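Welcome! Please have a look at the structure before you start.

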Amino acid sequence: MKQWIATLILVVSVALYYYAYSAEKAKYPPPRFPSYLKPPKSIEDVMPFARAAVRQTGGRTPLGLIEKGMAVLIVTEATADGMVLQAIKRAYEERGVKVHIVPEYELAGINREDALKAVKATHWYTSEQGYMEAQRWIQDRFVDPEVPKKWLKERRPDLYKAMFEKGDEVPQNLREIAKQLGGRSVADGIIKFLDQHPDVKAVFWRRGGRPRTARLLNQHSSKFYGNFIFDNRWELMNKAATFPGDVWRLVEERILESLAWVDQVQASDPEGTNMSFEVTEEQAKIWASGAYNQGHLFLSPYQATGRFPFSIVEYPAIQKKWNAPILIKANGVFAGTNNHTGSFPRIEVRVKDGYVTGVKGVGIYGEVWREFLKYPKINELTYPYQDKPGYWWFYEAGTGTNPKFFKRPDENWVGNNQSERNNGGVIHWGFGGSVVHDPEAPTESKAWIDFPKQHGLPKDHWWHIHNLLVTYRVRVRGTKNTWITLIDKGELTALRSPEIRALASRYGEPADVLSEDWVPHLPGINAPGRYEDYAKDPWKTLTEVMKKIEAGNYEYFYPAVKVKKR
């Protein structure tokens, strides 16, 4: 009892500190983009960052967890930068680690030239076509994607044409190759490689979806240590890779420590998100036990359940207790202009009692979403382990935890927008039901493959909205109005903690170590212009910003530099 009271006093004290600090911050921070990102002239320019990366124990690519004398397998994409990979290999070998760097195409039995042709042919779009996230949902989240494709083509041929026509024109052999890259064929190749190399005890693969990636490796799932994002100079040669791992871990612990004590959550964002949900005492405890995932915390109870959670103490080990899915009754609106693929005209997703009831807004992304709200049986059938029918549940509130990550211009030019979700304080909301493991073992859920296959339904969540300047706060259970603000206008409030600043001082000036090196550029919110104009065509603003960054004349470089004249 005394311990419980002491812990509650600590939580309340932290709440009051964060409340007072947040009250002083009324305005949204101005845009920022790191000015120190420079293309390397040789491998020697890359080596300092590679040496830091292979010692990094935090985030989704904790290469530093590999100890001297171990052997590791790094699986890379076809487009990975050869110089960067060579630097990672050399840095690992300096530490006494045996490293195998094997591209996906090799594991799938494909030659490099054909793999590159397939990637280029099937990835014809830029992030201007953010609606292509819906295409990826159809292709990747259905056991047989031809079923929803046929339904959409008959119902809305215009939407089908926008998403699939160019892809359907790609030669069949290249489409087949593209399907193999990153999927089951590569996983089978990894399993075969590990069977042949029993000394390899760790694997790094893919850019996201760690729990699902691990389960693809079957009997070798415990060897999966994380994703591999350090395959290009943008991800490697920045301060995210060098961010102190112990500081990173402490930030995450401070975010999570309040979850077991809350009874209500509220979130808002200047783009229009305004949502809330309540949790019981038992739900809060379960949520807290499953919310940990390095570099990507689960700020939604549903996402923290339906799985064997990661261990906080021995990551990437898996806990032994399975958490049953918790369908929370979230209510409100989720609004935004960005997702994992790119940008789109602003939409609003309305949720009642945890379930999507409508999508408002123009543009193909919103149009396709509205259509699939009416997909056959998607609202009527009850998925395994759920106590209510339907697929369209509010599932994900994933937040990054490192203040140094940023929106990469290079990936947006080729139709990807995943890097910004790693930035500390950015939340990517995700919709659609999902269960990672069956209760029997931490392997791929057979029930969530068989049931969707039987009924032609999706087998996993997707449909994201990124909120970049979000405020997320939780209320302490048993109090009327004691709130802890975990994210304040896109900034993790844990970064302001005296304890964390003291630890950061070991590595330099805390203000520099903990600073946000990237802040989004949102006209009418924190940058000149009208939000209404931006919301209609966000890609126009994004291209202007990216071109300035690449030309070296962006007025919001941080730290400030002398801007080049045009």
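**Exercise 1: The whole chain**

Task: Find out which share of the contacts with a separation of 6 or more joins residues 24 or more positions apart.

Solution. In the protein chain, 71% of the contacts with a separation of 6 or more are between residues 24 or more positions apart, where contact means heavy atoms within 4.5 Å. A word on the source: this is a predicted model, in which local features need pLDDT of at least 70 and side-chain atom pairs count only at pLDDT 80 or more, while totals for chains, interfaces and linings use all residues. Residues are numbered from 1 along each chain as its sequence is written, and side-chain values use heavy atoms, with hydrogens and water left out.

Next, look at the overall dimensions. The C-alpha atoms fill a box of roughly 60 × 60 × 55 Å along the principal axes.

Finally, turn to burial. Of the 566 residues, 59% count as buried. Here buried means under 20% relative accessible area, exposed over 50%, and partly exposed in between (1.4 Å probe, protein chains only).

**Exercise 2: The sheet**

Task: Work out in which order the eight strands of the open sheet lie.

Solution. Start with the elements: the chain has 21 helices and 20 strands, which are DSSP runs numbered from the N terminus (helices H or I, at least four residues; strands E, at least two). The order in the open sheet is β11-β10-β9-β7-β6-β17-β18-β19, and the pairing is antiparallel. Two strands pair if DSSP finds at least two bridges between them.

Now go to the edges. Strands β11 (355-360) and β19 (491-492) each pair on one side only. Helix α21 (residues 538-551) packs on this sheet and touches β9 (331-338) and β10, with its direction at about 130 degrees to that of β10; axes are lines fitted to C-alpha atoms, for helices over the stretch in contact, and angles run from 0 to 180 degrees between N-to-C directions.

Then zoom in on one pair. Five bridges join β10 (residues 343-352) to the antiparallel β11, and arginine 350 faces glycine 358 of β11.

**Exercise 3: Salt bridges**

Solution. A salt bridge is a side-chain nitrogen of Lys or Arg within 4 Å of a carboxyl oxygen of Asp or Glu, and the structure holds 36 of them. Begin with glutamate 367 and arginine 370, whose side chains meet at 2.9 Å, N to O. Both sit in helix α15 (residues 364-372), three residues apart, about one turn of the helix. Glutamate 367 counts as partly exposed because its relative accessibility is 25%, and arginine 370 is partly exposed at 21%.

**Exercise 4: Buried or exposed?**

Task: Is aspartate 387 buried or exposed?

Solution. Aspartate 387 has 60% relative accessibility, so this residue counts as exposed. Its side chain forms a salt bridge with lysine 388 (3.6 Å, N to O), and lysine 388 is partly exposed at 28%. For another pair, take lysine 489 and aspartate 488, joined by a salt bridge of 3.4 Å, N to O; both residues are buried.
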